[in-house]
Amino acid sequence: GVFTARAITRPLRAATDFAQEVAGGNLDGTLDVRSRDEVGTLAGALKTMVDNLKAKIHESDLKSREASMQAQKAQEAMQQADMAQQQANDAAAVSKSEVAREMLRAREAAKAAASAGGVAGNTLSRIVGDISFTEQQKLAVEDMNRDNVISTQQQQKHNAIQATTMM
């Protein structure tokens, strides 16, 4: 009687204590039940459950680290795209003001030549006008190129954001 009762209650108590430890968050406890009855089956299932929980937690940690690394890479890509866009904007602004200054100087020279030289001044005015038209075309092409660069950078930024949100 007493021996049979202890043979049942000790493993059952050990399984209950182990289950309470797991429920409390301790996955490092041990359960040493070696019976071949229902209590032994229960103990084996509890051990398997804890092993599976540990594996899932480890897998979750790995995925979390990978997601953090991908988010960091996306943030760095966005910063690089922002810097490239700022550099393109700065270069375009400098280029436009240099062209505008040169055009202003050419116009002033043409006016001075026109007032001083008659026919030669008129010819020079036409040449400057042609140059001015060519420079305007050049500015238009530069604007289109800059817009294409900015559009490409914005697309890269959008792709980086999409990649981040897909994680």
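**One residue in its setting**

Author: From the N terminus on, the elements of the protein run α-α-α, and the secondary structure comes to 3 helices and 0 strands, where helices (H or I, at least four residues) and strands (E, at least two) are DSSP runs, numbered from the N terminus. This is a predicted model, in which local features need pLDDT of at least 70 and side-chain atom pairs count only at pLDDT 80 or more, while totals for chains, interfaces and linings use all residues. Residues are numbered from 1 along each chain as its sequence is written, and side-chain values use heavy atoms, with hydrogens and water left out.

Gln86 is partly exposed, with a relative accessible area of 43%; buried means under 20% relative accessible area, exposed over 50%, and partly exposed in between (1.4 Å probe, protein chains only). Although Gln86 and Ile150 are 64 residues apart in sequence, their C-alpha atoms are 9.2 Å apart in space.

Among contacts (heavy atoms within 4.5 Å) between residues at least 6 apart in sequence, 64% join residues at least 24 apart.

As for confidence, pLDDT is the predictor's confidence in each residue, from 0 to 100, and its mean for the protein is 81, with 86% of the residues reaching 70 or more. Among the elements, helix α1 (residues 2-23) has the highest mean pLDDT (88), and helix α3 (residues 119-165) the lowest (72).
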